[in-house]
Structure formats: structure tokens, C-alpha cells
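Please look through the sequence and the model shown here, and then read the short report on how some of its parts are arranged.

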Amino acid sequence: MGNWLTFAGPAAPMTHRLDFKHAVPAFAGLAAFAVCVALGMSGARGAASPWFDTPHGAVRLIAASDAAGTGESVPLGLQFRMKPGWKIYWRSPGDAGFPPQLDWSGSDNLAEARLAWPAPERFSVLGLETLGYRDEVVLPIAAAPARPGEAMRLSAKLRYLTCDDICVPYDTVLALAIPPGPETSSLEAEPIARFAARVPALDGGTGLAVAGADLAGSGGVRTLHVDVRSDRALVAPDLFVEGPEGYSYSKPSASVADDRARALMRVTVTRLHRRAAGIEGAALTLTVVDGARAVEARVTPAVAAPPPAPPVGDSGGLAAALLLALLGGLVLNLMPCVLPVLSIKLLAVVGHGGGDRGRVRAGFAASSAGIVAAFLVLGTVAVGLKEAGLAAGWGIQFQQPVFLAAMIVVLALFAGNLWGLFAIGLPGAVTQAAAGAGRGPGLGGSFVTGALATLLATPCSAPFLGTAVGFALARGPLDIYAVFFALGIGLAVPYLAVALWPGLATRLPRPGHWMVTLRRVLGVALIGTAAWLAVVLWSQAGRDAAVTVAVLAAAALGALAFTRRETGWPRRVAWGVVGALAALSIGAPARMESTGSDLTVRVAAEAGPWRPFSAVAIGDEVRLGRVVVVDVTADWCITCRVNKAAVLDREPVRSLLAEPGVTAMLADWTRPDPVIAGYLAGFGRYGIPFTAVYGPGAPRGIALPELLTASAVTEAVAKARSATPIATR
């Protein structure tokens with residue numbers, strides 16, 4: 001303290017007299033020291049307005065200088081402190097909220113106040129995406145005086161919104177006087193500078209840059225692709241999009257290059273109302289944030305041209321499509337999908353051993369008619385779905401829980417007949433035919449046998465079949481019926497062969513005790529098929545629905561056993577119970593809430609290199625130089641399971657899919673999915689299995705055969721990796 005005050009040491013007398021001329025400076029020093037201590041303890045440091053305190057936080061206006069200086073602007077800051085859980089909003093708040101708003105009209109010697117925005121955080125709550133700040137933030141302000149060098153009296157009317165579980169709006173006026181004098185750094189300069197460093201750079205000085213952007217798609221939902229480059233490894237890039245009013249911008253998904261120096265960001269752009277101005281040609285403000293780095297760019301995205309339409313069935317016209325359909329139906333007899341109906345086919349042959357040639361011919365002709373009729377029914381469904389603007393495809397009936405429940409009940413009734421649980425036809429045309437099918441001589445039973453064989457053989461595609469169905473579904477109703485009729489003839493060829501040469505069946509041994517054993521074994525095979533369909537139902541409609549249908553079908557079999565032992569009215573009551581249980585089984589999935597799991601995510605998480613399918617991500621992966629292998633599968637597709645077990649999960653394909661630079665995507669079509677249906681239609685395909693390979697050498701994709709081989713996959717990956725694009729689809 002200099003000569004303002006002298007303290008006596010511990011041994012000095014306490015009666016020293018203080019001279020008056022030293023008294024005034026001494027008391028002044030004590031007062032100054034006390035003021036300093038008081039200011040330090042109160043926290044009122046530097047140039048700042050009083051805090052506006054609320055139950056949820058506080059806000060004040062601060063200045064980086066104690067005096068106005070003579071420069072063109074004075075650095076200010078709007079300082080918010082939020083209590084835990086509370087937040088305020090960025091300049092573009094996202095799906096809800098509004099940003100802080102300032103009105104400087106009551107200020108003196110203020111020409112302009114430019115507000116800057118540090119990079120925000122993203123908040124995802126109940127499907128809503130909002131952007132803002134929590135804990136503390138300072139919004140830097142560049143205040144330009146109208147008369148540099150003079151005092152500034154600032155008055156800011158502030159309106160802002162703070163939210164946690166609820167949102168509370170506030171209004172206040174913040175006042176701050178900045179005296180004239182040379183500019184000096186205040187204690188508030190540090191937080192202003194700290195948050196100013198978080199304001200996204202406009203010149204790319206942070207090492208981040210927006211290299212380009214394009215807008216793909218049409219209509220009310222578009223996809224924005226943004227190419228981000230970095231001079232060092234990206235950590236967790238995020239993107240905030242600001243554009244014309246009337247649009248919302250989703251949380252981006254990112255594909256990061258292997259060297260992490262490049263990322264392709266995808267944002268879904270949704271038009272909120274029809275009156276919104278077109279987004280094509282509109283300038284967007286893109287803010288890219290990666291950790292502590294951020295860059296802002298003003299970009300007008302290029303409009304990506306739609307991919308060319310695939311050539312669907314144009315070569316050869318209808319005649320070629322009919323030939324392919326005939327071959328496809330014939331080959332379908334050899335596909336793994338026919339394994340569940342092998343019991344029906346085998347029984348249809350052995351049951352005629354030593355029989356009359358005329359009855360054999362008529363029975364197999366009826367089975368052929370049932371096959372063709374079932375295909376025409378499928379064609380009618382396809383026509384109806386197409387006319388209604390819905391997705392039509394091969395085997396899509398297995399996506400419907402009610403259909404699966406009905407097939408489980410029918411298979412249980414067939415098995416019950418083979419086991420001898422009933423010896424006469426069940427009530428109703430279908431169950432009478434089912435009984436006749438088990439005994440062999442009834443033409444109605446033979447007809448239904450063929451129809452059931454068709455329905456159970458459709459969960460998968462076959463060579464030639466996919467091209468024929470694609471041609472049909474791209475044309476009109478007459479072409480659809482013609483192609484489906486040809487498919488039916490192809491599948492019925494084995495039955496027609498026996499009808500033309502009945503000796504193939506009559507030369508077998510006559511039915512005897514061995515036939516009883518065979519019927520029991522074949523009944524077990526049908527129950528196995530029903531159990532498989534119950535597993536598929538579990539994945540679609542949930543555990544409760546699958547267990548309910550299985551229990552009701554088993555109870556129906558028990559009631560059938562009761563009918564065999566009883567006569568008269570107890571037997572009639574038992575038949576009524578069987579009919580009621582069958583009806584309840586079929587209707588159960590429609591009345592029970594679906595609890596099926598997201599199989600795409602579950603399987604992708606458990607299946608090594610596989611990740612969930614994303615149609616929009618394929619192009620980004622290819623632009624990053626990666627190879628993409630897409631496998632479309634379903635729980636009800638037996639051929640898909642064969643491909644997985646025999647090729648995709650075996651070496652060398654399994655190691656190939658796990659290599660760096662290869663992305664394996666799994667598309668699960670167990671349940672209806674319009675995105676997957678549209679993806680298949682883009683290739684002119686309407687059935688599965690389907691596998692395609694993309695890469696720099698095959699940006700449009702290479703479609704692989706329905707039955708995969710290791711060589712087919714490895715050769716397609718090698719072609720897709722090549723630098724020269726190949727024209728294939």
C-alpha cells in the first residue's frame with residue numbers, strides 16, 4: 001500500500017500515532033481495498049448489466065471493454081446461464097421453439113448490432129429434432145456506434161424461450177452504459193471470446209469445407225446429399241440445414257470415408273404444405289460441425305437427375321415373357337420352396353398305385369387345373385393391387401398374418417386327415433376337398449391339392465420367373481393374366497405328365513399297410529411346414545398371435561380325434577367346435593396387436609458384416625469408393641435361407657463381405673415395406689431372393705441370379721470395384 005498505511009509488527013507498541021497527512025490516503029486505500037473485495041465476492045465483474053434471474057436460469061448483457069474506444073464496433077455478448085435440463089434455441093430452432101429476439105430501439109449512439117450464433121447442440125425428444133444450447137452460452141454481438149468515441153447507452157428488449165419438460169417464454173429489458181475512453185479489456189472479454197471461437201467460420205479456416213451438395217428425388221420428400229471434406233480425421237460430423245420456409249430438415253445420416261477425411265451427409269427434406277415455394281434452385285445455409293470445429297456455407301444444391309428406368313421385359317415382348325414364365329414355373333418345381341409341399345405331391349402319386357388309369361388321368365388333370373386356377377387368382381390379386389396403386393409382387397401373400405394363419409389351419413387339417421383323425425369330408429367345400437385329397441379319388445380334393453401346392457410354392461423366386469413376373473407387372477391386366485397362366489402351366493408340367501402317362505402312377509405298388517405308415521410320416525412333414533409358418537407369423541404379428549394360432553390349430557386337431565369316436569349329436573357338436581376353432585385361428589392375428597421385432601436391425605446386429613438396408617445410402621457409399629452388396633430376404637423365403645447358409649455365410653464370401661471398402665446391407669421383406677418394394681421394382685423384380693452389387697465400376701448395380709454361387713458374388717464384387725463403370729442392371 002506504499003506510504004498510505006503502516007502496520008506495526010507483532011512486537012511494536014500499539015499506541016503509535018498516525019499523522020493526519022497520512023490519514024486520508026490511508027483511509028482511501030482501505031476503502032478501495034474494501035470495494036475490490038466486495039466486488040470480487042459479489043461476482044459483479046467488468047462491464048455488464050444486472051442479471052435477469054428466473055427460476056430456470058439467468059441472462060445479462062456484457063461488454064468486452066470497459067470503455068467505448070474509437071473503433072468501428074464494441075464487442076458485446078448476450079450471456080445465458082441455464083439450470084440443469086433447461087435450454088434455449090439456436091437461430092433455426094428446428095421442429096419447435098423460437099430463438100432469442102432483441103430490440104435495440106431504446107439505445108443511444110447505436111447504429112447496428114450484429115448477433116452471431118455459436119454452433120448449437122442437437123436435442124432429439126419424442127421424434128422432434130431441435131437445436132439450441134444448455135448450461136451456458138454467450139451470443140457474441142458486434143455493436144457499431146453511430147458516433148465512434150462517444151458514450152453508448154444500450155437498451156435491449158429481449159424475448160426468449162427456455163424449455164425442459166415444459167417451455168416458458170420470458171420478456172425483459174437489459175440496460176448497459178459504456179462510457180467514453182480508450183478501449184480496455186474487461187473481465188467479461190474472456191467468455192465473449194470463448195464463445196465467439198465457436199461461431200462457424202465462413203472461410204473454411206477450421207479445416208472443414210463443404211465440397212458440394214445435390215438434391216435428389218421429387219415430390220414432397222427429397223434427399224439432400226452434402227459432401228464434406230476435412231484436412232484431418234473427422235470425429236462425429238453433424239449438419240444443420242437452413243432453407244426456404246415451409247420445409248423441415250431431418251437429422252442427417254453420415255457415410256464417412258475409410259480415411260475419415262471425407263463424409264457424405266444425407267438429410268431428408270420434407271415439404272410441410274403445398275404452398276411452400278419450390279426448393280429447386282434455392283440457396284441453403286449449411287452448417288457443418290465436427291467436435292469443436294464448425295464451418296458455414298451458402299450453397300445452391302445441384303438437382304440430381306433421376307436414374308434411368310431399367311429395361312423391364314422389353315427384349316422379345318410378350319412371346320419371350322410367356323416362354324420365360326413357362327420355364328420359370330417348371331424350374332419352380334426344383335426349388336427349395338417346394339419342400340413343404342413334397343408330402344402333397346408324393347401322396348398324390350403313391351395313392352394311385354394299381355388304380356384305374358382313367359381315374360388317375362382325371363385326378364392329375366384336376367390337380368393341374370387347381371395349380372393354374374391358383375395362379376390366375378394370384379394374377380387377379382396382382383391386377384387389383386396395381387389398379388389400386390399398391391405394391392404387387394411374387395409371394396407377398398406371405399407378408400399377411402391372416403394368410404399365414406389360414407395356411408397353418410389348412411395344413412393342420414391335411415395332417416389330421418393323413419393321420420386318420422377323420423374319415424369323412426369336413427363341413428364346407430374346402431375341407432371336403434382336403435379330405436378327398438388325402439384319400440385320393442375325389443376330383444375336388446385333387447383340385448385343392450394343386451391349389452395348395454401353388455400357394456405353398458410361392459415364397460421364393462426361380463430362374464426366369466422373376467423376369468417374367470417383372471414384365472407382367474410392368475404391363476396391363478391382359479399381360480399379367482397371360483404370364484401367370486403360363487407360370488401355372490409350367491408348375492403343373494409334372495402333374496400333366498402323369499395325366500398323359502398314367503402308368504407312371506398305376507405301376508406303383510397298391511396301397512397297403514405301408515401306405516398307413518407313409519401317411520403318418522407325411523402328416524408329420526405337413527405339421528413341420530405349419531410350425532415353420534408359425535415362426536414366420538411370430539416375426540410378423542408377434543409371439544402372442546403365433547402361439548394363439550398354434551394352440552387353436554392344435555385344439556382343432558384334438559376335436560377332430562373326438563369326432564372319430566363319437567356319433568350323433570356329440571359328433572355334430574365336435575364338428576362345430578372344429579369349425580369355430582379354425583375360424584378363431586384365422587382371425588386371431590387381425591385382432592391382436594403386433595409385437596413383431598424389427599428383424600432388419602436385429603439380424604444386422606447379429607450377422608457379422610451386415611447392416612440395415614438404406615436405399616439412399618447406396619449412392620453415397622459408391623461415391624466414397626466402396627462396394628455395396630444388398631441382399632433382400634425374408635423369413636418366409638426358403639431359397640433366401642439356402643443362399644445365406646450355402647453362400648453368404650460361407651467362405652470366401654463371408655470374408656469378402658467383411659473386407660474394408662465393402663458394405664453389406666440386409667433388406668428384410670418379411671413384412672410389407674414400400675421402400676423395399678420400390679427398390680425391387682427399380683430392377684424390374686417383384687419377388688425374392690434378390691441380391692445386387694454396386695461399386696465405382698457398377699453404380700447402377702449388378703443383379704445376381706436367384707440361386708447364388710460363391711463365384712457369382714466374387715466376380716460381381718470384382719467388377720464393381722473396377723475403375724471403369726460397366727453398363728449393367
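## A pair of helices

Helix 5 passes helix 10 in a right-handed crossing, meaning that the near helix is turned clockwise from the far one by less than a right angle. Helices here are DSSP runs of H or I with at least four residues, strands are runs of E with at least two, and both are numbered from the N terminus. This is a predicted model, in which local features need pLDDT of at least 70 and side-chain atom pairs count only at pLDDT 80 or more, while totals for chains, interfaces and linings use all residues. Residues are numbered from 1 along each chain as its sequence is written, and side-chain values use heavy atoms, with hydrogens and water left out.

Helix 5 (residues 357–387) and helix 10 (residues 477–500) pack at an angle of about 160°, with their axes 8 Å apart, where axes are lines fitted to C-alpha atoms over the stretch in contact and angles run from 0 to 180 degrees between N-to-C directions. Helix 5 is therefore roughly antiparallel to helix 10, a term for angles over 145 degrees.

An open sheet is formed by 3 strands in the order 15-19-20, with antiparallel pairing; two strands pair if DSSP finds at least two bridges between them. Strand 15 (238–242) and strand 20 (293–299) stand at the edges with a single partner strand each, so one side of each is left without a neighbour in the sheet.

Strand 15 is joined to strand 19 (residues 284–290) by 5 bridges, and the bridge partner of F240 in strand 19 is T287.

Technical notes:
Angles under 35 degrees count as roughly parallel, over 145 as roughly antiparallel, 65 to 115 as roughly perpendicular and the rest as oblique.
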